[in-house]
Amino acid sequence: MRRTLSLLLVASLTLVGCSAGDEEPDAGPTSSSPAAPSPSESSPPEPSEPAEPSAPTTPTAPAEPAEDPLPPVTNELSLPALMREPLTGRGLRVTRTVTEQPGYTQQEITYRSDDLTISGELFRPTGRGPFPAIVLNHGYIDPAYYETGQGLAREQLWLVQAGYVVLHTDYRGHATSDDVPQVDLESRLGYARDAANAVRALRQQPYVDGERVGMLGRSMGGGVTQNVLVAYPGLVDAAVVYASVSSDFVENVRQFTEPNRPEAAQGYYDRFGTPRSAPEFYDGLSPRTYFDRITEPVLSLHGAVDATCPPRWARDTQRLMTRAGVDATLELYDGEDHTFYSRWEDSIRRSDRFFERHL
């Protein structure tokens, strides 16, 4: 069985070798010596007819190796490596019913992502369904203080009341999800695995219409959503990103990791080189490098005065998605900062219309 991403990222810090199996020796045919002629066989042999020349054979051209349609893996800690990891999401299980309202039920759940148990919250509209579904990817909250379902409370209630099954994933290392080493968290690749496996686990539920599944991510969760879109084209049918981080990994490191978690940034530089000395490594962690793989429509909503994730990031991402052929739309909201206050209802209505059209 392939290693899970969690072990894979740890393995990126330690090279592990493997040996090939022994080859089986060839077993060639054996021949026996001809019998000696008897004394009575004294006459000379009849002359034999000359052999007909054999027709020339046309050499068979060697088969061309199948071309790998995926980008090459230059480092095991990369999006191309993630693309090769099969999804394993399964075993969605309700652990507690939080509340039952006339229009919906809110439940705490767990599901499997790789070899990890991931927690989250599930919101189900009243009725048998099947309903369209949306996976929510929350923004950065210190895992030491994060609680189940935290970060997208407004979106959870609006979307379930609009008729969507909503699964808000906690990510690995958060709430009651299985813990992983801190080094696994900085790349956000594990979070993308958890979001993608949430989609797969949801599709197995009888109350979910597996042909209508979307994804919505906010801030860091917007970056997680972009990683899912480039790693697993076709997994979801549409995606919305709110106030997203940059699609360039280095810009996020400089904006967030260096000032807030300098030891984590230095760990990357010591192990993989700096962005100047090893640009290929950092490109491999940037979804914009692979925007040409996105097959779903994407709606980006961003505050025009966002001081946390500069609007320039959203404009750059929009330009690069469009250049790559993505059906991408960007809406900037005048006067709105990172959190969205006065125009949040406008933005969620816009998101709802977008999902109605594409799911």
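1. What covers the buried residues of helix H11? Among the covering elements are strand S4 (131-137), helix H3 (153-161), strand S6 (208-218), strand S7 (238-242), strand S8 (298-303) and strand S9 (328-333). Covering rests on contact, meaning heavy atoms within 4.5 Å. The buried residues of H11 are Trp344, Ser347, Ile348, Arg350, Ser351, Asp352, Phe354 and Phe355. Buried means under 20% relative accessible area, exposed over 50%, and partly exposed in between (1.4 Å probe, protein chains only).

2. On the model itself: it is predicted, with local features needing pLDDT of at least 70, side-chain atom pairs counting only at pLDDT 80 or more, and totals for chains, interfaces and linings using all residues. Residues are numbered from 1 along each chain as its sequence is written, and side-chain values use heavy atoms, leaving out hydrogens and water.

3. H11 spans residues 344-358, 15 residues in all. From first C-alpha to last, H11 reaches 21 Å, close to the 21 Å expected at 1.5 Å a residue. The expected span is 1.5 Å times one less than the number of residues. Helices (H or I, at least four residues) and strands (E, at least two) are DSSP runs, numbered from the N terminus.

4. Aromatic pairs come to 15. The rule takes rings of Phe, Tyr and Trp (its six-membered ring) with centres within 6.5 Å; planes under 30 degrees apart count as stacked, over 60 as edge-to-face and the rest as tilted. Tyr104 and Phe123 have ring centres 6.4 Å apart and planes at 40 degrees, so this pair is tilted. Tyr104 sits in strand S2 (residues 104-113) and Phe123 in strand S3 (residues 116-125), so the pair ties together parts 19 residues apart in sequence. Tyr104 counts as buried at 10% relative accessibility; Phe123 does so at 1%.

5. Phe281 and Tyr282 give an edge-to-face pair, because their ring centres lie 4.9 Å apart with planes at 85 degrees. Both residues are buried. Ring pairs join Phe281 and Tyr282 with Phe249, Tyr268, Tyr269 and Phe272 in a cluster.

6. Which charges lie over ring faces? Arg124 lies over Tyr207, at 3.7 Å from the ring centre. Arg261 lies over Tyr140, at 5.0 Å from the ring centre. The criterion is NZ of Lys or CZ of Arg within 6 Å of the ring centre and within 35 degrees of the ring normal.

7. Thr110 belongs to strand S2. Thr110 is buried, with a relative accessible area of 13%. Leaving aside residues up to four places away in sequence, Thr110 touches Gly91, Leu92, Arg93, Thr95, Thr117, Ile118 and Ser119.
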